[in-house]
Amino acid sequence: MPALREEGTMKTDIVKYVLGISIVCMSAFSLSAQAVEIPDVESRIRSGENTVPSIALPPQRPPLPANLPPPAENEGGTEEVVSAVAQNKPVPEEATPVTSIPEEAHPVSPFSGYLAFRSGYPGLLAGSLYLRREESVLPGFSVLFSHDSVDGFSGERPGNGFFDRSTAIDVTVFPRGGSWFLSAGLTENADGLQGTSPTLYSLTDRQVYWTSRAERALRSGPFTLLGFFDGDIVSHIPAGPAGQENTIAGYRLLPGVGLRWSYTDFEADLTGRFRYETQAGEGEFLFGRGDLSARYIHRDWSFTATASVVADSRSVVLVPFNLALSREGVSPRMFSFTLDGGLSAVPLSASLLVAEDPYIDRTGLSRTAADWNASLSASMQPADAYRLSADARFLKTAFNRTSVYAGETDPVSFRTDTVWLDRTLLETSLGLVCTGTDTELSFGWNSSWLDRVDGSSAQTISAGFLVFDRSPARRWESGTDIEWEAGQAEVPYWNLFAMVRPFAHFSLNLRIDDILSLWFNEPRMVNDVFTRHSGAISIGGRFDF
């Protein structure tokens, strides 16, 4: 035991020395106006866009064609299908498109994309490849492949079960004019059991998913026919030396049709959607939804009203509705806002909790949850250098249709139970971004004033600082961000990042994520049993073409 303690102390000391040298180098890097750099860093600040530089935000999947309707948010469709597994681990931050390279650096070509890589301590290895061909006579397409893995976090040696990894591939096809698109993908996420099971060493989620949209104008009149078809096939696999045990498998199908009527500033949609869900040994869940929505746009004002009818196979029948009023300022100085509210009803399942707790018990089908809701989002730019934003959201369980949350984790079965709870939530956020000629300072404050059934902090304060090359080429950038959750025992999140672009199409970046967790060797907890990877020193590069 003394030898093990001595070895652990030596490892901690080495990490502190490396951290110290890295912080000094990055500080000098930030102060140098000649050779500093741009971060492609994924921020741990979870409060949103108000507090994190755009270069540090997580990547987004390629956007849908502009003319097509987005996935509906209330029917439990595409967004849940993709988030069930594909969003369990985010695509590496290098997938964020670089927008700072001047246009003259890109040759005229129907093809574009990038190749990115990252490696670091502890046991971090990540890479991604993105290729896109613009549509012409032939349909366009995009292909995204990514892999991200960490092995040996929380002070443990690689191979001891303290690992997670994710691999994903996504292919999207779209024609000129955006009358349809088809996207399909495959994801696999694995999380080590960290020595808790004598017979198993990991839990693996696999998902094959697809999502599609299409629209067709009926002759030359005001009517447009809409079509949707989404779905996925999922499996949850506990794996060990003896093979796979107690696999959970199922699939979901989500077809839908709609009719749109447009006349000048007025638009109305009539849509119907159906959801079929099944899981081995759990039976079936059916959910149907019909929506009638109308939207009127006048200059920078928009008013939307939606009335719906939903029913499921558990004899639930509800009549949701939503009213929304928004104003989009024609200039940044003008006040913009969106105010909406009503009654929502949407299927929820344990798969929505996987991103926060990969050890959640996936057994069971979806249930229809309902909430009275209201939200307000507002922003304005009183001066060129300042941007203000404010958001508020209220939710209250309706008709005893409760929502799903993570419960306690059983150290024997290594599974986190799910619980269905009433909730009354009031959440607010404030953000301020101050931008100078070569600097950016941001602040954020998120608050939860009523129930906190998910165990989150009542108050979260965040800040970020960015210094960058003011030239159009944006040759370098460096910064830091920090987040503190009041009332939580864990140390604050603190990140440093920097990047230099020696060539127009190539960049190198260095980052230190969650410095305090790494420095004090304090692992962050997923639940009462398992830890998550936290704290990393990494270097990466990206080639754009």
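Colleague: In which sense do strand E10 and strand E11 pair, and over how many bridges?

Modeller: First, what you are looking at. This is a predicted model, in which local features need pLDDT of at least 70 and side-chain atom pairs count only at pLDDT 80 or more, while totals for chains, interfaces and linings use all residues. Residues are numbered from 1 along each chain as its sequence is written, and side-chain values use heavy atoms, with hydrogens and water left out. Now the terms: helices (H or I, at least four residues) and strands (E, at least two) are DSSP runs numbered from the N terminus. Two strands pair if DSSP finds at least two bridges between them. Here E10 (residues 266-279) and E11 (residues 283-298) are antiparallel, with 14 bridges.

Colleague: What lies between E10 and E11?

Modeller: Three residues separate them, and the two strands form a hairpin. In that turn, Gly281 has a positive phi of about 80 degrees.

Colleague: Which strand is joined to E11 by 12 bridges?

Modeller: That is E12 (residues 301-312), which runs antiparallel to E11. Asp291 has Ser308 of E12 as its bridge partner. E11 and E12 also form a hairpin, with two residues between them, and Arg299 in the turn has a positive phi of about 55 degrees. In the chain as a whole there are three helices and 28 strands.

Colleague: Where else is phi positive in a residue other than glycine?

Modeller: Phe399 is one of these cases, with phi near 55 degrees. Phe399 sits in the loop between E17 (386-397) and E18 (403-410). Asn521 also has a positive phi, near 55 degrees, and belongs to the loop between helix H3 (515-519) and strand E26 (524-525).

Colleague: Is Asn521 buried or partly exposed?

Modeller: Buried means under 20% relative accessible area, exposed over 50%, and partly exposed in between (1.4 Å probe, protein chains only). Asn521 has 41% relative accessibility, so it counts as partly exposed. Across the 545 residues of the chain, 46% count as buried.

Colleague: Which peptide bond is cis?

Modeller: The bond that joins Tyr121 and Pro122 is cis, with omega about 0 degrees. Pro122 lies in the loop between E1 (111-121) and E2 (124-133).

Colleague: How many aromatic pairs does the structure hold?

Modeller: A pair of aromatic rings is described by the distance of the centres and the angle of the planes. Rings of Phe, Tyr and Trp (its six-membered ring) pair if their centres lie within 6.5 Å; planes under 30 degrees apart count as stacked, over 60 as edge-to-face and the rest as tilted. The structure holds 15 such pairs. Among them is the stacked pair of Phe285 and Phe287, at 6.5 Å centre to centre and 25 degrees between the planes. Phe285 has 0% relative accessibility and so counts as buried; Phe287, at 2%, counts as buried too. Tyr359 and Phe530 form another stacked pair, at 3.8 Å centre to centre and 10 degrees between the planes.

Colleague: Why does the pair of Tyr359 and Phe530 tie together separate parts of the sequence?

Modeller: Tyr359 lies in the loop between E15 (336-348) and E16 (367-383), and Phe530 in the loop between E26 and E27 (531-532), so the pair ties together parts that are 171 residues apart in sequence. Both Tyr359 and Phe530 are buried.

Colleague: Which rings have the charged end of an arginine over them?

Modeller: A charge sits over a ring if NZ of Lys or CZ of Arg is within 6 Å of the ring centre and within 35 degrees of the ring normal. The charged end of Arg273 sits over the ring of Phe228, 4.0 Å from its centre. For Arg542 the ring is that of Tyr114, with the charged end 4.0 Å from the ring centre.

Colleague: Which residues make up the largest nonpolar core?

Modeller: A nonpolar core is a set of buried Ala, Val, Leu, Ile, Met, Phe, Trp, Tyr and Cys residues joined through side-chain atoms within 4.5 Å. The largest has 10 residues: Phe285, Phe287, Val310, Val316, Leu318, Leu343, Ala345, Leu365, Ala370 and Ala398. The elements that give two or more residues to this core are E11 and E15. A second, separate core has eight residues, including Leu353, Ile360, Val404 and Trp420.
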